[in-house]
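Dear colleague,

Please find below the structure for your work, followed by an account of what was found in it.

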Amino acid sequence: MAASTATAVAPDWWDDVNNSPLWQDGTFHALAVLYGAVSFVALVQLIRIECRVPEYGWTTQKVFHFLNFIVNGMRSIVFVLRRNVQLVQPEIFQHVLIDFPGLAFFTTYALLVLFWAEIYYQARAMSTDGLRPAFYTINGVVYAIQIVLWLVLWWKPVQAMVILSKMFFAATSLFSALGFLLYGGRLFLMLQRFPVESKGRRKKLNEVGYVTTICFSGFLIRCVMMCFNAFDKEADLDVLNHPILNFFYYLLVEIVPSALVLFILRKLPPKRGITQYHPIH
């Protein structure tokens with residue numbers, strides 16, 4: 001009898017939390033604060049880098065921090081206005097407001113993969129001419145497909161299109177995870193072969209290893225969660241009445257990975273003699 005009573009109470013408590021406007025607003029505002037903090041840290045680091053090496057223009061490192069500032073800032077604003085976002089009509093604009101920062105997050109960390117790929121290719125005396133065009137092409141295709149999916153969903157708002165859109169996000173997340181595994185893993189193995197006495201070898205080895213593990217795990221978790229999100233209503237992330245699920249999802253796939261990566265890559269570049277910097281044209 002006691003066991004069955006406990007079993008009955010647990011779902012009621014969970015439903016009370018999910019359906020409580022107080023819990024919903026508190027959770028989304030907490031996410032807004034966390035995203036705002038990460039955005040602020042990225043902006044401060046961007047300013048510090050610009051003050052340190054203003055002569056190098058928009059380097060990969062500066063663009064990475066700028067995109068982190070933009071992405072986390074957008075998320076913060078959306079979560080501050082989350083209840084209002086849910087009322088936006090037509091409904092397709094709700095999907096755009098919630099999903100577009102996820103696309104920008106993909107671009108931000110794809111840029112980090114590009115940076116590592118360039119380092120790896122240069123170290124092996126291989127041409128890097130095709131890397132940046134590939135980066136732009138991949139991002140262009142991803143954005144184009146997502147825009148087409150949004151337009152079709154606007155024209156014909158059926159559940160099948162919602163599922164397809166979410167599965168596309170899952171696919172891009174898996175692609176990102178594999179990108180980090182491929183180029184982060186290659187760079188890590190290459191650094192391991194450097195002489196032990198090489199200056200900065202151990203620090204760079206740890207940096208690449210940690211960032212690869214964090215980003216691979218984050219994108220893989222996003223991929224799995226988007227699959228559940230697509231097919232299981234209890235795992236729906238686009239509604240107000242799943243605040244705790246939203247909190248842990250965004251914490252694990254964006255906030256914590258971004259904060260950790262910004263911390264690991266916090267070192268400022270030297271003022272002179274930079275060989276690994278390339279302005280983005």
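The lining of the second largest pocket has eleven nonpolar, five polar and six charged residues. This is in a predicted model. At least two lining residues come from each of α5, α6 (131–155), α7 and α8 (201–231). Helix α5 provides the largest share, with four residues.

Two or more of its lining residues come from each of α5, α6 and α7, and α7 gives the most, with three residues. By class, this lining divides into three nonpolar, two polar and three charged residues.

In total, the structure holds five cavities of 30 Å³ or more.

As to the overall architecture, the protein has nine helices and zero strands. Along the principal axes, its C-alpha atoms fill a box of roughly 70 × 50 × 35 Å.

Two helix pairs deserve a description. Helix α5 (residues 92–123) packs with helix α7 (residues 159–192) at an angle of about 25°, the axes lying 9 Å apart. Because angles under 35 degrees count as roughly parallel, α5 is roughly parallel to α7. The crossing of α5 past α7 is left-handed. Residues in this contact divide into 17 nonpolar, five polar and two charged.

Helix α2 (residues 21–52) and helix α3 (residues 60–80) pack at about 160°, with 7 Å between their axes. Since angles over 145 degrees count as roughly antiparallel, α2 is roughly antiparallel to α3. This crossing, too, is left-handed. The contact of α2 with α3 comprises 13 nonpolar, ten polar and three charged residues.

The structure holds 18 aromatic pairs. One of them is the stacked pair of Tyr-35 and Phe-79, at 5.8 Å centre to centre and with 10° between the planes. Tyr-35 belongs to helix α2 and Phe-79 to helix α3, so the pair links parts of the chain that are 44 residues apart.

The peptide bond from Gln-89 to Pro-90 is cis, with omega near -5°; Pro-90 lies in the loop between α4 (82–85) and α5. Ala-125, in the loop between α5 and α6, has phi near 55°, a positive value in a residue other than glycine.

With kind regards

Notes. Residues numbered from 1 in each chain as written. Predicted model: local features only at pLDDT ≥ 70, side-chain atom pairs only at ≥ 80, totals over all residues. Heavy atoms only, no water. Axes fitted to C-alpha atoms, helices over the stretch in contact; angles between N-to-C directions. Parallel < 35°, antiparallel > 145°, perpendicular 65-115°, else oblique. Left-handed = near helix turned anticlockwise from the far one by under 90°. Nonpolar A, V, L, I, M, F, W, Y, C, P; charged D, E, K, R; others polar. Phe/Tyr/Trp six-rings, centres within 6.5 Å; stacked < 30°, edge-to-face > 60°. 1 Å grid on protein atoms, 1.4 Å probe; cavity = no way out; pocket = protein on both sides within 12 Å on 5 of 7 lines; lining within 4 Å. Points joined across faces, edges and corners; volume = space filled by probe spheres on them.
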